[in-house]
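This briefing concerns a single protein chain. The sequence and the model are shown first, and the notes on architecture and packing follow.

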Amino acid sequence: MRKSIIISLVFILLLSGCGAKVDEEINIPKDDPTEIDESLLTVDVVIPFEFFYNFTEEGEEFDPYSFIEETEEGMSVVVDEVNETITITMPKATHYEFLQEMKTTIDEAIAEILSEEDIQTIKSISYNNDLTVFTLEMNVSEVGFIESFLAILFYMYGGMYQMFNGVLSENMDVVVNYVYNGEIIGSGRLSELE
């Protein structure tokens, strides 16, 4: 259930343009010979169809073209059926805002995890800036089932963040470290699941 809520929030943020506003417009006269490299102003996010298959209801078929109808102004979508990907091009300001909203959503989920009465063995949860490493500071010297199971959630968070930050799936990895008294007592990697 929590997974579908997070995924829904990600899509809502992506498709709503995150409410990002550009403070200035760049006006270039039509007769100005200056060419602007569009890649300096936009970001391409490539999402494999496979990502959407995981969230399609049983019996339903994923329609990659539905994305085109739902994008906000300033964003464009290209469907590549050969490589089975959707490329969303958006302004850099929107992309930055989107990634910040993802981190906020993750921070809220972490706060909820730490407030759970069933999970008193975890003192704190932190992550690095690109969400490739999550660290769970433990109150106990052994990693239990619940703590191990949480790794899957952090693999998902880190993987989604990396995907939306332009990391190709073959280069994605997320490490979850369990630390007690400053020493790593357990560790897992997303790449080891495959």
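What percentage of the contacts in the protein chain with a separation of 6 or more is accounted for by residues 24 or more positions apart? In this predicted model, such residues account for 63% of those contacts, contact meaning heavy atoms within 4.5 Å. The protein chain holds five helices and seven strands, where helices (H or I, at least four residues) and strands (E, at least two) are DSSP runs numbered from the N terminus. Their pattern along the sequence is α-β-α-α-β-β-α-β-β-α-β-β.

**Basis of the values**

- The model is predicted, so local features need pLDDT of at least 70 and side-chain atom pairs count only at pLDDT 80 or more, while totals for chains, interfaces and linings use all residues.
- Residues are numbered from 1 along each chain as its sequence is written, and side-chain values use heavy atoms, with hydrogens and water left out.

- Of the 194 residues in the protein chain, 37% are buried; buried means under 20% relative accessible area, exposed over 50% and partly exposed in between (1.4 Å probe, protein chains only).

- Four strands form an open sheet in the order 4-5-6-7 with mixed pairing; two strands pair if DSSP finds at least two bridges between them.
- Strand 4 (122-127) and strand 7 (183-189) are the edge strands, each with a single partner strand, so one side of each has no neighbour in the sheet.
- The twist in this sheet averages 20° from one strand to the next; axes are lines fitted to C-alpha atoms, for helices over the stretch in contact, and angles run from 0 to 180 degrees between N-to-C directions.
- Strand 5 (residues 133-138) and strand 6 (residues 175-180) run parallel and are joined by five bridges, and Val 133 has Val 175 of strand 6 as its bridge partner.
- Helix 5 (residues 145-164) packs on this sheet, touching strand 4, strand 5, strand 6 and strand 7, and its direction makes about 140° with that of strand 6.
- Asn 181, in the loop between strand 6 and strand 7, has a positive phi of about 50° although it is not a glycine, and it is exposed at 60% relative accessible area.

- Three strands form an open sheet in the order 1-3-2 with antiparallel pairing, and strand 1 and strand 2 are its edge strands, each pairing on one side only.
- Seven bridges join strand 1 to strand 3, with Val 46 partnered by Thr 87 of strand 3.
- Five bridges join strand 2 to strand 3, and Val 79 stands opposite Ile 86 of strand 3.
- Strand 1 (residues 42-48) has a covered face of Val 43, Val 45 and Ile 47, and an uncovered face of Thr 42, Asp 44, Val 46 and Pro 48.
- Thr 85 lies in strand 3 (residues 85-91) and is buried at 14% relative accessible area.
- Beyond its neighbours within four places in sequence, Thr 85 contacts residues including Val 46, Ile 47, Val 78 and Val 79.
- Glu 84, in the loop between strand 2 (76-80) and strand 3, has a positive phi of about 55° although it is not a glycine.

**Helix 4**

- Helix 4 lies across strand 1 and strand 3, running at about 110° to strand 3.
- Helix 4 (residues 92-115) and helix 5 pack at an angle of about 170° with their axes 10 Å apart, which makes the two helices roughly antiparallel (angles over 145 degrees count as roughly antiparallel, under 35 as roughly parallel, 65 to 115 as roughly perpendicular and the rest as oblique).
- Residues in this contact include Phe 98, Met 102 and Ile 106 of helix 4, and Leu 153, Phe 154 and Tyr 157 of helix 5.
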